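Please look at the structure as it comes up, and I shall then go through its parts in turn.

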Amino acid sequence: MSSIAPTRQVTVTRIICGVDIASSSLAARVGQDGAEATFQNSTGGIAGLAAFCHNHDVELVAMEATGGYEQRAFAQLSEST
């Protein structure tokens, strides 16, 4: 009997941008090996992040909750869709 648990393969068909949130910066990367950029965690920086995502045909932005630092980016990006 095998002790290896079966795994499920997941295929992602959307272009995703992951964003690492800090109090003063937003570090973005498209996919695993795609374009990357850093923006200020400010209204202007978030607008730059939105443009970056638009220019790279991003369909989904993923970010972690970091003590509230993500709230402005989440709200502003939600309004720009």
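Let me begin with helix α1, which lies across β1, β2 (25–30), β3 and β4 and runs at about 155° to β3. Please keep in mind throughout that this is a predicted model.

Four strands form an open sheet in the order β3-β2-β1-β4, and the pairing is mixed. At the edges stand β3 (36–40) and β4; each has a single partner strand, so one side of each is left without a neighbour in the sheet. On average, neighbouring strands of this sheet are turned by 25° against each other, direction ignored. As for the pairing of β1 with β4, these two strands run parallel and are joined by four bridges.

C17 lies in strand β1, residues 16–21. Is C17 buried or exposed? Its relative accessibility is 0%, and C17 therefore counts as buried, the cut-off for that being under 20%. Beyond its neighbours within four places in sequence, C17 is in contact with A28, R29, V30, F52, C53, V58, L60, V61 and A62. C17 and L49 are 32 residues apart along the chain, and their C-alpha atoms are separated by 9.9 Å.

I turn now to the helix pair. Two packed helices are described by the angle between their axes and the distance between the axes. Here, helix α1 (residues 43–55) packs with helix α2 (residues 71–79) at an angle of about 50°, and their axes are 10 Å apart. The two helices are therefore oblique to each other, and their crossing is right-handed. Which residues of α1 and α2 meet? From α1 they are T43, I46, A47, L49 and A50, and from α2 they are R72, A73, Q76 and L77. In this contact, six residues are nonpolar, two are polar and one is charged.

Finally, I draw attention to one residue in a loop. D57 is placed between α1 and β4 (60–63). Most residues other than glycine have a negative phi. D57 is not a glycine, yet its phi is positive, at about 55°. With a relative accessible area of 54%, D57 is exposed, since that term applies over 50%.

Thank you for your attention.

Key
Residues are numbered from 1 along each chain as its sequence is written. This is a predicted model: local features need pLDDT of at least 70, side-chain atom pairs count only at pLDDT 80 or more; totals for chains, interfaces and linings use all residues. Side-chain values use heavy atoms; hydrogens and water are left out. Axes are lines fitted to C-alpha atoms, for helices over the stretch in contact, and angles run from 0 to 180 degrees between N-to-C directions. Angles under 35 degrees count as roughly parallel, over 145 as roughly antiparallel, 65 to 115 as roughly perpendicular and the rest as oblique. A crossing is left-handed if the near helix is turned anticlockwise from the far one by less than a right angle, and right-handed if clockwise. Contact means heavy atoms within 4.5 Å. Ala, Val, Leu, Ile, Met, Phe, Trp, Tyr, Cys and Pro count as nonpolar, Asp, Glu, Lys and Arg as charged, and the others, Gly among them, as polar. Buried means under 20% relative accessible area, exposed over 50%, partly exposed in between (1.4 Å probe, protein chains only). Two strands pair if DSSP finds at least two bridges between them.
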